[in-house]
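Subject: Structure handover and notes

Hello,

Here is the structure for your files.

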Amino acid sequence: MAARLVLWDIDGTLVRAGAIAREAFGRAVASVVERAEHEIELVQMSGKTDLQIAREMLVLAAVEDAAADDHVPTVIARLEAELGAAEAMFRENGRVLPGVVELLEAFGEAPGVHQTVLTGNTASNATAKLDAFGLTRHLDLEVGAFGSDDADRNNLVPIALDRARRLRGLEFEPAQVWI
């Protein structure tokens, strides 16, 4: 197989982690805006970065735009702390999707294939989910791109390519990158 960089998404591609992150977001925002959790409106999370989700939820909670930006780091810190301690809950309420382990192993044995993640999760949240399901060992997370790197998911591919070049000396043409 020709040289490839495989950039895996996590949620819905490698695993289903259950509603744990969604609920943790609600609790994190509620604590920052000092409201009851049931008063916090959740947003569609799919395809977004954790930073983007936190900001959207803060705005929906009627936090002014500028103040929302100021509160995002606190929301993310609380979210990361909670998800970092949720390994057993991830395993109990989530699952690795069918065929994922076999595919990660097959790509891991293929010459020239380098696997990492491109995810809207922060690096901490991504690691928590992957560790819970034993998938970290298959991936070079150091060269991955995460929602903590940029709030705009569209900016993550160049980040992963730059890290692969700087940290591993790997150069990939667009046709060699699988997302």
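The model is predicted, so please keep the cut-offs in mind: local features need pLDDT of at least 70 and side-chain atom pairs count only at pLDDT 80 or more, while totals for chains, interfaces and linings use all residues. Residues are numbered from 1 along each chain as its sequence is written, and side-chain values use heavy atoms, with hydrogens and water left out.

Salt bridges

The structure holds 13 salt bridges, a salt bridge being a side-chain nitrogen of Lys or Arg within 4 Å of a carboxyl oxygen of Asp or Glu. One of them pairs Asp9 with Arg153, at 3.0 Å from N to O. Asp9 is in the loop between strand S1 (4-8) and strand S2 (15-16), and Arg153 is in the loop between helix H6 (123-132) and helix H7 (156-168), so this pair ties together parts that are 144 residues apart in sequence. Helices (H or I, at least four residues) and strands (E, at least two) are DSSP runs, numbered from the N terminus. Asp9 is partly exposed, at 23% relative accessibility; the classes are buried (under 20% relative accessible area), exposed (over 50%) and partly exposed (in between), with a 1.4 Å probe and protein chains only.

With Arg165, the closest N and O atoms are 2.3 Å apart, and the two residues are three places apart in helix H7, about one helical turn. With Arg166, the N to O distance is 2.8 Å; these two residues are four apart in helix H7, again about one turn. Another network, in which salt bridges share partners, joins Arg27, Glu37 and Glu82. Asp162 is partly exposed at 28% relative accessibility, and Arg165 is partly exposed at 37%.

Helix H2

Which residues of H2 are buried? They include Asp50, Ile53, Ala54, Met57 and Leu58. Seen down the axis of H2, the buried residues fall within an arc of 130°, so they line one face of the helix. The arc is that of the directions from the helix axis to the C-beta atoms.

Two buried residues

Ile40 sits in the loop between H1 and H2 and is buried, at 8% relative accessibility. Its C-alpha is 6.3 Å from that of Ala61, and the two residues are 21 apart in sequence. Neighbours within four places in sequence aside, Ile40 is in contact (heavy atoms within 4.5 Å) with Gly26, Val29, Ala30, Val33, Arg35, Met57 and Ala61.

Lys129 belongs to helix H6. Is this lysine buried or exposed? Lys129 is buried, with 3% relative accessibility. Again leaving aside neighbours within four places in sequence, the contacts of Lys129 are Ile10, Asp11, Ala17, Ala21, Phe90 and Asn121.

Backbone angles

Most residues other than glycine have a negative phi. Glu34 has a positive phi, near 55°. Glu34 lies in the loop between helix H1 (20-33) and helix H2 (50-60) and is exposed, with a relative accessible area of 73%.

Regards
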